[in-house]
Amino acid sequence: MIYGYIRVSTDKQTVENQRFEIQKYAKKSNLRIDQWIEETISGTIAPDKRNLGKLIEKTKSQDIIVCSELSRLGRNIFMIMSILNKLMESNVSVYTVKEGYRLGDDLTSKVLAFAFSISAEIERELISQRTREALRRRKAEGRTLGHPKGKKNSHVKLTGQEEKIRSLLAFGYSKAKISKELKVCPATLYNFIKNGSL
């Protein structure tokens, strides 16, 4: 199946421009759009709350999604890369009209997947580095490191959930919804992120 995906942020914008661009591209590329998916919603909204989420769930191996540009998928790079990563894992290709990308089982896609994994690794290393620097600074100031004796670590509940939290944030979930999902109070999640544990 080949899907044409169109998203506009406001009612004032028209889907027709994107439809025209995609149709023109499809004709030039000898593609036939089997189904159109349209929505008027902000790209900052989590994919699972959009028609895009439903589309991602129903796509099968060898399917193609054609959109006017990558920014139609989401408004931040982590969300877009998470979406692309999920689609590539399902062997679904994404074609973009403006950038001319054909992201699927090719070298460009593998580079993109590598970029996604390396960016996540860099982020983890930066967090670790910031934590080490903060600990060194506290030690130099003569402050006692660690929790006071007898005080329970309030972050134990979220230890090991870092990747899940990052993914949910990348998909646009609110911190309140994530804390509900992980069965902790919002303050625990906020402190977990604020203290550099994520």
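Trainee: In what sense do E4 and E5 pair, and over how many bridges?
Mentor: This is a predicted model. In it, E4 and E5 pair in the antiparallel sense, over two bridges. Within E5, Arg102 is the bridge partner of Tyr95.

Trainee: What lies between the strands in that hairpin of E4 and E5?
Mentor: Five residues lie between the two strands, and Gly100 in this hairpin takes a positive phi near 75°.

Trainee: And E3 with E4, how do those run?
Mentor: Strands E3 (residues 64-67) and E4 (residues 93-96) run parallel, joined by four bridges. Ile65 has Val94 as its bridge partner in E4, and Cys67 has Thr96.

Trainee: Which helix goes with E3 and E4 in a β-α-β unit, and what is its hand?
Mentor: The helix is H3; together E3, H3 and E4 make a right-handed β-α-β unit.

Trainee: Which way do the residues of E4 point?
Mentor: Ser93 and Tyr95 point one way, whereas Val94 and Thr96 point the other way. All of these residues are buried. As a general rule, side chains in a regular strand alternate between the two faces of the sheet.

Trainee: What is the order of strands in the whole sheet?
Mentor: The sheet is open and has five strands, in the order E2-E1-E3-E4-E5, with mixed pairing. Strand E2 (35-40) and strand E5 (102-103) are the edge strands, each pairing on one side only.

Trainee: Which helix packs on the sheet, touching E1, E2 and E3?
Mentor: That is helix H2 (residues 51-58), which touches strand E1 (2-8) as well as E2 and E3. The direction of H2 makes about 150° with that of E2.

Trainee: Let us turn to the inside. Which residues touch the most other members of the largest nonpolar core?
Mentor: They are Tyr5, Leu73 and Ile83, in a core of 19 residues. E1, H2, E3 and helix H3 (77-89) are the elements that give two or more residues to this core. H3 gives the most, with five residues.

Trainee: What does Leu73 touch?
Mentor: Leaving aside residues up to four places away in sequence, Leu73 touches Tyr5, Arg50, Leu52, Cys67, Met79, Ile83, Leu84 and Val94. There is also a second, separate core of 12 residues, and Ile6, Val8, Tyr25 and Ala26 are among its members.

Trainee: Cys67 came up in that list. How many disulfides are there?
Mentor: A search of the whole structure finds zero. Cys67 is buried, with a relative accessible area of 0%, whereas Cys185 is partly exposed at 41%.

Trainee: New topic: Thr40. Why is Thr40 classed as partly exposed rather than buried or exposed?
Mentor: Thr40 has a relative accessible area of 43%, so it counts as partly exposed: buried means under 20% and exposed means over 50%. Thr40 is found in strand E2.

Trainee: Last one: which residues of H5 are buried, and what covers them?
Mentor: In helix H5 (residues 162-170), the buried residues are Ile165, Leu168 and Ala170. Their cover includes H3, helix H6 (175-181) and helix H7 (186-194). Just after H5, Gly172 takes a positive phi of about 90°.

Definitions and conventions:
Residues numbered from 1 in each chain as written. Predicted model: local features only at pLDDT ≥ 70, side-chain atom pairs only at ≥ 80, totals over all residues. Heavy atoms only, no water. Pairing = 2+ DSSP bridges. Contact = heavy atoms within 4.5 Å. Axes fitted to C-alpha atoms, helices over the stretch in contact; angles between N-to-C directions. Core = buried A, V, L, I, M, F, W, Y, C linked by side-chain atoms within 4.5 Å. Buried < 20%, exposed > 50% of the residue type's maximum accessible area, 1.4 Å probe, protein only. Right-handed = clockwise from strand over helix to strand, strands pointing away. Disulfide = S-S within 2.5 Å.
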